[in-house]
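Trainee: I have a new structure open and would like to learn how to read it. Please take me through it step by step.

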Amino acid sequence: MGRLKDIILNFDLGVGSKDKWIIFGLFGAYFLAGYVVEGTTRLFWMHWLSAYVIAMIIFFVGKRYYEEKGYKNVLSFMFPKEIWSHSSTINDCIIAVINSFLARLLYIVMSVGPIAAAGAAGYFVADYLNLTQTEAAPTWGVIIAFTLITMLASDFCYYWAHRLAHTFPVWWEFHKTHHSAEVMTPITLLRYHPLDDLIYSVFRHVGSSVAAGVFLFMYPSIEGATTILSTNIFVFAFNLLGSNLRHSHIWLSYGPYLSYILISPAMHHIHHSEAEKHWDRNFGAIFSVWDWMFGTIYVPKEREDVVFGIGEPSEGYDTVPKLYIGPFIRAYSLMKTPNAYRIGLANKPGKQTEDNST
Ligand SMILES: [Zn+2]
Ligand SMILES: [Zn+2]
């Protein structure tokens, strides 16, 4: 049994330098055909473009970079070879392809039930509270409120799902797949364990569906949120603010004030940091107000040199099978210990001691 486990976990795709380019090619083709043309994802081409235009501005405005590298090296600043050819990035690409297939097949089926149930729950709550119902067509103000509130509800539920992923040791084992990236590119967005992401998706959809159910009760003729390319217009606008740089080596802060409202890419770098002082901070996706309200915000005052990872030896997380199967094995062993159901922040590896509930 032990030997079989070793064989599975150490299974290597045997990626040589030539094969890497073939994998990149295949990945690129699939990628271009899917995510890049869909406005609903953060990996939509306009969001990549805006992120890298911002990166270019950072290069030329932030003296530190061009003085160090020279004007001509803007491309190597934006797409450094050592990051894009790193084994962590290759794993991200392979996982991204697998997860995109799974996401399309699995999530649609599995999240339909909770969405419908949550929508109905919101509707019945509104009915129970005797909220006023109007047959009149909703005004622009109502439609904007609907767009904003459904986004806020989804983001609020995401915050709590993400916080719980860091709080429950068993769930953390699955969330570690995302956090084990040693270097980051926008593709790291898709480096996650399917089970981890499935729960987030359900939480998120439940949040927006409850809010939608309430609105639907009050304004039965409301057709939906204001969208652009089938995406909530506020989410779309947020993604144009360089949100792809949150998974990159490029530091972008929103400053001392806006960072208390919106999560900046720099704040997500902090979330991915190995350093203990950064653990369990900045759980938000769009709004940082939840982190602010519930005491988990960390707004960096100045640029910090962040090392990405989970502070564990990378051997446990360096092949694709380990990233998919490893969590089940570790979660199974964990479930046999009293630590499995301990609730509390900072349940990170290396901190599995008496002090981790503080
Ligand atoms: Zn996390
Ligand atoms: Zn991340």
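Trainee: Which helices are included in what covers the buried residues of helix 9?

Mentor: Helices are DSSP runs of H or I with at least four residues, strands are E runs of at least two, and both are numbered from the N terminus. A buried residue has 20 or more other C-beta atoms within 10 Å of its own, an exposed one 12 or fewer, and a partly exposed one falls in between, with C-beta atoms placed from the backbone. In helix 9, ten of the eleven residues are buried, among them Trp-171, Trp-172 and His-175. Their cover includes helix 8 (140-167), helix 10 (194-218) and helix 15.

Trainee: What is the mean pLDDT of the protein chain?

Mentor: Residues are numbered from 1 along each chain as its sequence is written, while chains are lettered from A and ligands numbered from 1 in the order in which they are written. This is a predicted model, where local features need pLDDT of at least 70, side-chain atom pairs count only at pLDDT 80 or more, and totals for chains, interfaces and linings use all residues. pLDDT is the predictor's confidence in each residue, from 0 to 100. In the protein chain, 83% of residues reach 70 or more, and the mean is 84.

Trainee: Over which residues is the pLDDT below 50?

Mentor: Where pLDDT is low, predicted coordinates should not be read in detail. Keep that in mind for the stretch with pLDDT below 50, residues 349-358.

Trainee: At what angle do helix 9 and helix 15 pack?

Mentor: Axes are lines fitted to C-alpha atoms, for helices over the stretch in contact, and angles run from 0 to 180 degrees between N-to-C directions. The axes of helix 9 (residues 169-179) and helix 15 (residues 320-335) are 9 Å apart.

Trainee: Which residues is Ala-96 in contact with, leaving aside its neighbours within four places in sequence?

Mentor: Ala-96 lies in helix 7 (residues 87-128) and counts as buried because it has 21 C-beta neighbours inside 10 Å. Leu-190 is 94 residues from Ala-96 in sequence, but 4.9 Å away in space, C-alpha to C-alpha. A contact means that two C-beta atoms, placed from the backbone, lie within 7 Å. By that rule, and leaving aside those neighbours, the partners of Ala-96 are Ile-187, Leu-190 and Arg-191.
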